Amino acid sequence: MAVYRANSSLNLFRKKDPAAIISADSHDPGSPQLKKTLTARDLTAFGIAAIVGAGIFSTIGNASAAAGPAVILLFVFTGIACGFSALCYAEFASRVPVAGSAYTYAYVAFGELIAWIIGWDLLLEYAIGNIVVAISWSDYFSGFVNSIGDRFGFHIPAWLCTDYFSAKAASLATNHAMEAYQAWITAPVIGGIPIIFDLPALGIIFFITYLVYIGTSESRNATNAMVALKLGVIILVIIVGFFHINMSNWSPFAPNGISGVMKGVSAVFFAYIGFDAISTTAEECNNPSRDLPKGIFASLIICTILYILIALTLTGIIKYDQLAVGDPLAFVFSAIHLDWMSWIVALSAIVAIASVLLVFQMGQPRIWMTMSRDGLLPPAFKRIHPKYNTPSFATIVTGFVVSIPVFFMSQKELGDLTSIGTLFAFVLVCGGILMLNRNTATTEGTTRFRVPYINGKWIIPVMVIIGYLVAFVEFPASISDFFDFSSPQYSSAAEALLIKSPLLLFLIFSVIIAVLSFVKNLSLIPVLGLSSCFYLMTELGHTNWIRFIAWLIVGLVVYTFYGYRNSKLGKHSSSSSIESQA
């Protein structure tokens, strides 16, 4: 007689074996599979498409206005921080070449609960990021169409290219934001409610979603074409701008010091998150173990160089304090009366930002698909279209998830929320390399990329000690102010603690990681990656931390009531623990 008893223990950190993940058992037998069409060149193009977009054509202006020419140091620092993370992504992508990105990597390194947290985080990162990009595209498109319309007496009505809450806020403000206020006072009213929505943003979301739905090959071809166009325009900007640089504009180099440089963290880092999206296409690569690392590194290096050159060009053509505009590239050429360049830049911005949306819209459905395969999301999300070989249901849901908030959400602060989510993913991926068993199985017959091992036993503790000594010797007043919780600028000590808590967490973390590096001989590169990304998170302010933590709490509730109960790994663990008695 056999007695079967499922394992009732609470196992929140059950891990997946990489060999099992990449085996046919990871998918539904007989069901359609994703089509393998992508090469290293295609992956590099996807990375450039995602990284070179709103960052170069929009947010670089405000970052330059705050930092001056020293904004290039921020690009260098952010590029290095992302480079450490990229090395860790590349190793994971080589070891576990399936869709899912950081979610799958966390499942291997940390276990199911952390995988769910990072998967839930990635949903926020991609959804909010796509909303920001769609609204940015709408701004450029509307401006371009209206500039042409000036000659023919045609304009897109303000109520068709503004979100509802921005218009309402403008109507209540003392100093009206002109376009938003015009949207409020000119919008048609139905049932006492003004009809205001961003039609261009909705249009581009639906078009991109359709393109992603009908196939990876079509998306690849569109991406390659858009990347070729915008790279050509960026190189043209650099060449033409070179002949109009006034080197006196580069002085002072850092007018607002290090604090001014770090103000641009969110704007700059938002531009770099594209290489994360590359890893979501792993199952559609011809040779993911070889090509994914190549695509990640090539896109990151190319884009960092381009950002530095563009920043030097912009701050060299006109004074940094004039660059706080939404379209800095077009603005600088208008300022030097090269209107033909302004038109070229405006047109290419429409293409460039659309390509970012395309890559992001590809990434999110594949993460949902992977989570569904694991039982953490409903089965419909893993459905593959029999003709197009794409995650059909997940792609459609992604379109709605991004398009519906466009009706009422504005760009303000959404970029920060996207950045903190991405940095959190990078922290966990770097930490995952430290946790990963270096003898873990992987695909046979493929060359695995490995993060070079450099013993951090002495290097990390020495770096932390030197950092603290420099801070106390060079910035004693700042240190004193930081630990003063009774300053009149705060309403209470509790408020001061809340505002300073992100940096306090980093200070505590730096001590802990120094000790662990000494005791455990931790690898230097992953430690530098997670440390630099954790520090960048502290620069995003306590408000974004609160919102981010609230989102994760909602995710834990969903996991408790659905994911944990339906986890395939959990069911497999339970069946494996059956006891037999004769």
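**Ground rules.** I am working with a predicted model, in which local features need pLDDT of at least 70 and side-chain atom pairs count only at pLDDT 80 or more, while totals for chains, interfaces and linings use all residues. Residues are numbered from 1 along each chain as its sequence is written, and side-chain values use heavy atoms, leaving out hydrogens and water.

**Whole protein.** I found 24 helices and 2 strands; these are DSSP runs numbered from the N terminus, helices being H or I with at least four residues and strands E with at least two. Of the 582 residues, 55% count as buried (under 20% relative accessible area, with exposed over 50% and partly exposed in between, using a 1.4 Å probe and protein chains only). I then looked at contacts (heavy atoms within 4.5 Å). Among those between residues at least 6 apart in sequence, 83% join residues at least 24 apart.

**Helices α19 and α21.** I looked up how α19 (residues 459–474) meets α21 (residues 493–520): their axes come within 8 Å and cross at roughly 150°. Axes here are lines fitted to C-alpha atoms over the stretch in contact, with angles from 0 to 180 degrees between N-to-C directions. The pair is therefore roughly antiparallel (over 145 degrees; under 35 is roughly parallel, 65 to 115 roughly perpendicular and the rest oblique). On the α19 side I noted Ile-460, Pro-461, Val-464 and Tyr-468, and on the α21 side several residues, including Leu-507 and Phe-518. This contact has 9 nonpolar residues, 2 polar and no charged. For these classes, Ala, Val, Leu, Ile, Met, Phe, Trp, Tyr, Cys and Pro are nonpolar, Asp, Glu, Lys and Arg are charged, and the others, Gly among them, are polar.

**Helices α5 and α6.** Next I checked α5 (residues 102–109) against α6 (residues 112–152), which pack at about 170° with axes 7 Å apart. These two are therefore roughly antiparallel as well. Tyr-103 and Tyr-107 of α5 are among the contact residues, as are Trp-116 and Leu-122 of α6. By class I get 9 nonpolar, 1 polar and 1 charged.

**Trp-184.** Leaving aside residues up to four places away in sequence, Trp-184 touches Tyr-164, Ala-167, Lys-168, Ser-171, Pro-194 and Ile-196.
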